[in-house]
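Please keep the structure open while you read.

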Amino acid sequence: MIKGVIFDLDGVITDTAKLHYIAWKNLANSIGIDIDEEFNESLKGISRTDSLIRILEYGGVRDKYSDQDIKILTDKKNDEYVKLLEDLTKEDILPGIENFIKELRDNNIKIGLASVSKNASRILEILGLLDQVDFIADPAKVEKSKPAPDIFIESARGIGLAIDQVFGIEDSQAGVEAMRACNMRSVGIGVDADLRLETTQDLSLEKIALYFE
Ligand code: B16
Ligand code: MG
């Protein structure tokens, strides 16, 4: 019996990947590295610091940057990203998500968030969804980022449910791996998972319950 659903944010509730891309590209360009949209795909679901490390490795300059340099650069990227977030509106909620959340709430299904974004609460606030979510896992409090399962385990704990009472929804390979690592049932949006759906518009409790129960 499903009692809770754990959402990823970027790529499931809204598409902030395009804003991360603008901010990462500008930051990378400022240190002489160029990235394209294909490379940006590999950053989905990856934490801020790990994303920068991947960019530095891609540019072949990882060993030139100290931990302090990395902190300065990730702060700079985040400053630009946070400014870009202010242009988000309710229109940026991905198709079908508001209806699906309503369906969950009407059925007394708990909702948790397992995003590695430290900006998650602000993004939900801008989208007008903050009061629809029962628990937002704090990525600063979990030891390891996706593909480790920590953020999903913390999110299930936060909504007071066992792993086998929930399923999670992800758009990234790292996120699906994270769920598999703790035996959480997974729905993938455009990515292979226990149940693969092509778009967020395909989400419905009935369809998912039929598959999992
Ligand atoms: P922030 P998710 C992830 O969100 C993004 O996919 C990833 O690109 C980003 O680096 C990460 O959040 C951290 O975000 O810089 O805002 O802390 O898919 O886990 O919701
Ligand atoms: Mg995501």
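The text below covers the ligand's surroundings and then the backbone.

This is a predicted model, in which local features need pLDDT of at least 70, side-chain atom pairs count only at pLDDT 80 or more, and totals for chains, interfaces and linings use all residues. Residues are numbered from 1 along each chain as its sequence is written, chains are lettered from A and ligands numbered from 1 in the order in which they are written, and side-chain values use heavy atoms, with hydrogens and water left out.

**Around the ligand**

Ligand 1 has 19 residues around it, where a residue counts if one of its heavy atoms lies within 4 Å. Asp10, Ile46, Ser115, Ser117 and Asn119 come nearest. Sorted by class, this shell holds five nonpolar, seven polar and seven charged residues; Ala, Val, Leu, Ile, Met, Phe, Trp, Tyr, Cys and Pro count as nonpolar, Asp, Glu, Lys and Arg as charged, and the others, Gly among them, as polar.

Here are some polar contacts, meaning pairs of N or O atoms within 3.5 Å.

| Residue and its atom | Distance to an oxygen atom of ligand 1 |
|---|---|
| Aspartate 10, polar side-chain atom | 2.7 Å |
| Leucine 43, polar backbone atom | 3.2 Å |
| Serine 117, side-chain N or O atom | 2.6 Å |

Taken alone, ligand 1 exposes 470 Å², and the protein buries 98% of that (Shrake-Rupley method, 1.4 Å probe).

Where does ligand 1 lie relative to domain 1 and domain 2? Because domain 1 (4-15 + 91-212) and domain 2 (16-85) both give residues to its shell, ligand 1 lies between them; the domain bounds come from an automatic or database assignment. Helix H3 (48-58) and helix H4 (67-85) each supply at least two shell residues, helices being DSSP runs (H or I) of at least four residues and strands runs (E) of at least two, numbered from the N terminus.

**Backbone details**

Lysine 146 and proline 147 are joined by a cis peptide bond, with omega about 15°. Proline 147 sits in the loop between strand S3 (135-136) and helix H7 (150-158).

Asparagine 108, a residue other than glycine, has a positive phi near 55°. Its place is the loop between helix H5 (97-106) and strand S2 (110-113).

How values were computed. Polar contact = N/O pair within 3.5 Å; in protein donor to acceptor, adjacent residues only side chain to side chain.
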